[in-house]
Amino acid sequence: QVRLVESGGGVVQPGGSLRLSCTASGRTSGYYAMGWFRQAPGKEREFVAAISWSTITTNYADSVKGRFTISRDNVENTVYLQMNSLKSEDTAVYYCAADSKIETVRRGLAGSWGQGTQVTVSS
């Protein structure tokens, strides 16, 4: 299948910014959508953002609209999550996901998942 590796997590102060990256390797030919989920301590994994292969369609959770931006580079097989105006509530492990349909990704049913990268927002 497709191997996904996230990077870019770390510790940032409230109001700061981070950019997460997820690079796909293996069987990456054809069209596929990618997205991001996160899981905070004591909470279930939740949808953050998704993007179609063409980049025409993007989806965002209401909690991150206006603050986070998802983008991708199909030549490098990489999806990015630019996170601005970070809040303590954004603290979580962020996971990358990929599948053939953006709706499948959005619903949390993607066939490929990364190992996660920790994002901590704290003063």
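Two strands count as paired if DSSP finds at least two bridges between them. Strands are DSSP runs of E, at least two residues long, and are numbered from the N terminus. The model shown is predicted, so local features need pLDDT of at least 70, side-chain atom pairs count only at pLDDT 80 or more, and totals for chains, interfaces and linings use all residues. Residues are numbered from 1 along each chain as its sequence is written, and side-chain values use heavy atoms, with hydrogens and water left out.

**View 1. Strand β3 pairs with strand β8.**
β3 covers residues 18-26 and β8 covers residues 78-83. The two run antiparallel, joined by 6 bridges. Look for Thr-23: opposite this residue stands Thr-78 in β8. Then find Arg-19, which faces Gln-82 of β8 as its opposite residue.

**View 2. Four strands make an open sheet.**
The sheet holds 4 strands, in the order β1-β3-β8-β7. Their pairing is antiparallel. Which strands form the edges? They are β1 (2-7) and β7 (68-73), and each of them pairs on one side only. On average, neighbouring strands of this sheet are turned by 20 degrees against each other, direction ignored. Here the axes are lines fitted to C-alpha atoms, and angles between N-to-C directions run from 0 to 180 degrees.

**View 3. Strand β7 meets strand β8 in a hairpin.**
β7 and β8 run antiparallel, and 6 bridges join them. Ile-70 stands opposite Leu-81 in β8. The hairpin has 4 residues between its strands. Within this hairpin, Asn-77 takes a positive phi near 55 degrees.

**View 4. Strand β8 is mostly covered.**
How many of the 6 residues of β8 are buried? The count is 5. Buried means under 20% relative accessible area, exposed means over 50%, and partly exposed lies in between (1.4 Å probe, protein chains only). In a regular strand, side chains alternate between the two faces of the sheet.

**View 5. A disulfide links Cys-22 and Cys-96.**
A disulfide is a pair of cysteine sulfur atoms within 2.5 Å. By this rule, the count comes to 1 disulfide. The sulfur atoms of Cys-22 and Cys-96 are 2.1 Å apart. Their link is left-handed, with -85 degrees about the S-S bond. Cys-22 lies in strand β3 and Cys-96 in strand β9 (residues 92-99), so the pair ties together parts that are 74 residues apart in sequence. Are these cysteines buried or exposed? Cys-22 is buried, at 0% relative accessible area. Cys-96 also counts as buried, with 0% relative accessibility.
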